[in-house]
Structures are given as structure tokens and as C-alpha cells.
Amino acid sequence: MTGAIPAASPSRWSAGAWGRIPALRAVHGLASLLHAAFIFFACFAFSDTSPYDVIAIPTILLWLALGIRLHRGAVPLVFLLLTYLGAIVMALLPYLNEPLSVTWTVQLVYLVVTCIFFAMLYADETAERIEVALKAYTASCVLSAVLGVVGYLQLLGIEDLFYRYGRASGTFQDPNVFGSFLTLGALYLMHGLLSGTTRWPSLSLASLLVVMAGIFLSFSRGSWGGTVMAVAVMVGALYTSSRSRALRRRIVIIGLAAAGLGAVALAGLLSISSVAETFQTRAAVTQDYDEGETGRFGNQIRGMGMLLEDPLGMGPLRWRQIFNLEPHNSYIGSFANGGWLAGAAFIALVAATCFVGFRLMARPSPYRAHAQIVFPALLMFFLQAMQIDVEKWRHVYMMLGMVWALEAARLRWDRRPASPASGARPEHSRMRDCGPNGRGPMIAAARGRSGAGAGERSGEGAGTRVRP
């Protein structure tokens, strides 16, 4: 006797409310939220440990569990970072009994891990993930700049928290780090205004003014010069890469208007006696601590002579113990902390990243717009490294990972098979610099393409506006 087999009763989980929420989608949502929070918390640097560091471990572990991977284009970054780090660990071995040196090295290992993580994370779904990161970073810049301006103007009773040494410091311990941190946010806002891709021009302009005020009131000479240089590189790259006369005209007009507005704002700030006095002091080429045999430059000259005779270097953080002052030069510091090998690896890392960054800005690809924002800011830090120690700044490693992730994504996109009809990649023929009515860069590619690599979404092509 045969009969119908009764259907299995549905699981109570699939039949309930949870059954309508795919578990994997919920996990991806949590990972995206942690990613945005991770970047946003970069502005909180009151102490050596910040919310950025607290959220780093769960964010990295969750994304690794979701399957992010290291792509071939980012391998040179990993090789140079591990070479640099390995040389410093070797130089640490004779000084394992010195807690400060050990702590400094452990922190460096952590920062290198975050850099590699960023290079892996942004290599897939590149435009989407970097856009989220830049939005979160810019929001943190605006918040920190507001607090810095409020602290400097003494509008609240807690000014000492956002105001140090007569200069705005925002949510940072050091006004120099504060001013430099804001540059990437300023570039993001400025790029959106120049290209016409920002959705809220008034809000972007107001945010940009606040961020620029924060940079100025930090009274950091490196931040001032670096920001001017980064803006010039970004505007030049945007202008030369555009094939739209309307967009080029827009860049020139808005650039001139911004320069005029900036001059008026600067004159207004300098009309305040305390601001003018601090500006006059900080605008000098050198400060008291720079000069003399035991000043910054004197120590560097004596230290370089010592390093020429010591291929293994002084050991991590030992320059401070010898000269009672930091080297204030990351290139010299790399030789001091890890010897000739670490110094050579650091210089090679900077040179390779500059080569990759300029190529990203010059060659047409879906990733050029973001490269025009991120790389000029990173280039600023490479130049600042000649007069300040940047090897422990969290956001530098984030930008470094971003640039190499953009390069990894561009290489995979560039290696896509050519169109059978024309022998050229369809993306090249369908990419244009300006969207409808000249409203900024738009990347158009064939719908349904498989992406720059496995896991790449078609959203980075098919009529998707890049809004950097």
C-alpha cells in the first residue's frame, strides 16, 4: 500500500518574523555599520586608545569572516609594509626590556594590520565602499572642526578640551594632527562642489567653510602648506582629466570665487588681535625649538651622522631617549627606528605609492574620481613627513590602504577582455567626464558586466554617478 508522503512542516524560524530577514543580509548590514563607525571614530584622538581602536578588532574580524581578500595589485604594499615592520622588530630585540619601545612597536604592528585591512576591504565594491568611508570621514572632520572652532573662540566652558597651546585642536591632542586630519574632508567637499556632483551644495559649502576654519585656527604650518598643495594637485587633476568645457569653466569660476571668499575670510580672522598675533608667530619659517645644536635641525644633523655608522639603527623610539626630542622627520625616523633596511623600505613605499597615485589620477577608469581626492591628501602627508612624525597617525594608514585598493581595482578593470567588435574595452568608449547638463563626472559602462573582479558590483559602471 502506498500513500502520499506528508510534507515536512516548516521550521518555526523560517515561518516567523526572522524568516523574512536573510541572515547574511543582516550580517552585511552590521559589517557596513561597523565600517562607517570605524572611519568616523578616527577623529577621536584624545588619548593613545580611542573608540577607533576599540571598534577596529570586531570590524576587521567580521569583514574577514565575510570573505574579503588580498588582490594582486596590493601585494607590493603588503611586501613593503612587512619589510619595514620586520626591520623594526629586529631592531627592537636588544631593547625588549624597555616598555616604551615595545609598546611603540606593538602599536605600529596594529597600524600596519589596519592598512592591509583597508587595502583588502576597498579592493572589492571599490566605489561604493570608499564613498561610504569618505562620507563618514568628512562627517568626523566637520564635527572635530566645529569643536575646534568653538574651543578656540571660547564659546563654552570646556575650551581646554578642544584648545591647546593657543591653537584649535578639536578632538585631537596635537593641533598639528588636527589640522592635517581635516584636509581629506576638505578635498572631498571641494571636489563635490567643483564637479557639481554634491547633492546639497549649500550644506557642502557651509561644511567646507567650517573645515577650512579649523585648518587655519590649528596654526599648523605643515597643515597650511600641505592643504594648499593638496588642493592644487586635486584641482589640477580634475581640470586636466575633464573633457567637458562646461566642467572646466565651472572649475575655474568656482575656484576663483573660492579664492576670493577665502581671502575675505582670512582678512576677517586676522582682524581679531589674538588670531593675528598667533598667526604672525606661527607663520615664521622656523620656531625656537627648531634652531641651535640641540634643536630639531641640529639633532637631525647629528643623528644622521650616527645612523651612517649604525646599519641596524638606534632601535624603536630610542631617538627620543638620546636627544630628548622626537626626530620630527619620518624619513630619518625610519632609519633610526629600524636601521637602513627600514629606512629604504619606507622610502620605497612612499615612491611606489606616489607612482601608483599619480597614475590613478591620470588614467581613465571608474576609480579616478576617488583617486583625485584621496591621493593628494596622502601626498600631503608624505611631504609633511619631512618635518613631523606621521608614522603613528591612524588616518595615514587608512589613506595608504585606499590608494592601493584603488590601484588593485583599476588593474582588474583594465585587464578586462576587449570588445570583440572594436578590439577596445567598452568602458573606455562609454566613459565620459560629465553627466547630464555638465553636472560632474559620470562613469558609464555596459550593463550587466561582471565587475573588475569577483565580488565587484555592476554599480561601479552602468550609469552610476561617482559622487566623490
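Q: Arg410 in this predicted model: buried or exposed?
A: Arg410 is buried, because its relative accessibility is 3% and the cut-off for buried is under 20%.

Q: Which residue does Arg410 form a salt bridge with?
A: With Glu407, and the closest N and O atoms of the two are 3.1 Å apart.

Q: Is Glu407 buried or exposed?
A: Buried, with a relative accessibility of 1%.

Q: And where do Glu407 and Arg410 lie?
A: Both are in helix α16, which covers residues 394-414. They are 3 residues apart, about one turn of the helix.

Q: OK, other salt bridges. What about Glu131?
A: Glu131 forms a salt bridge with Lys135, and the closest N and O atoms there are 2.6 Å apart.

Q: Which helix are Glu131 and Lys135 in?
A: Helix α6, residues 126-152.

Q: What does Glu125 pair with?
A: Glu125 forms a salt bridge with Arg129, with 3.5 Å between the closest N and O atoms. Glu125 is buried, with a relative accessible area of 13%, and Arg129 is buried too, at 11% relative accessibility.

Q: Which residues are linked in a network of salt bridges?
A: Arg69, Asp124 and Arg412 are linked that way.

Q: How many salt bridges does a search of the whole structure find?
A: The search comes back with 9 salt bridges.

Q: Switching to cysteines. How many disulfides?
A: The count is 0 disulfides.

Q: What about Cys115 and Cys354, buried or exposed?
A: Cys115 is buried at 0% relative accessibility. Cys354 also counts as buried, at 17%.

Q: Now the surface. Which residues make a nonpolar surface patch?
A: Ile57, Leu61 and Leu64 make one of about 300 Å².

Q: Where is Ile57, and is it buried or exposed?
A: Ile57 is in helix α3, residues 51-65. It counts as exposed, because its relative accessibility is 56% and exposed means over 50%.

Q: Back inside, then. Where is Gln372 found?
A: Gln372 is in helix α15, residues 368-384, and it is buried at 3% relative accessibility.

Q: What does Gln372 touch?
A: Leaving aside residues up to four places away in sequence, Gln372 touches His191, Met234, Ala237, Leu238, Ser241 and Met361.

Q: And Tyr188, where is that?
A: Tyr188 is in helix α7, residues 175-195. Tyr188 counts as buried at 10% relative accessibility.

Q: Of the contacts between residues at least 6 apart in sequence, what share join residues at least 24 apart?
A: In the protein chain that share is 70%.

Q: What about confidence? What does the chain average?
A: The protein chain averages a pLDDT of 81, and 79% of the residues score at least 70.

Q: Where is confidence lowest, and where is it highest?
A: The lowest is strand β3, residues 442-443, at a mean of 37. The highest is helix α4, residues 75-92, at 96.

Q: Where does pLDDT stay under 50?
A: One stretch is residues 11-15, for which the model has 3 contacts beyond four places in sequence. Another is residues 426-468, with 120 such contacts in the model.

Q: What should I make of low pLDDT?
A: Where pLDDT is low, the predicted coordinates should not be read in detail.

Key: Residues numbered from 1 in each chain as written. Predicted model: local features only at pLDDT ≥ 70, side-chain atom pairs only at ≥ 80, totals over all residues. Heavy atoms only, no water. Salt bridge = Lys/Arg side-chain N within 4 Å of Asp/Glu carboxyl O. Buried < 20%, exposed > 50% of the residue type's maximum accessible area, 1.4 Å probe, protein only. Helix = DSSP H or I, 4+ residues; strand = E, 2+ residues; numbered from the N terminus. Disulfide = S-S within 2.5 Å. Patch = residues over 30% accessible without salt bridge, like charges linked within 9 Å, V, L, I, M, F, W, Y side chains within 5 Å. Areas by Shrake-Rupley, 256 points an atom, 1.4 Å probe, with all protein chains shown as cover. Contact = heavy atoms within 4.5 Å. pLDDT = per-residue confidence, 0-100.
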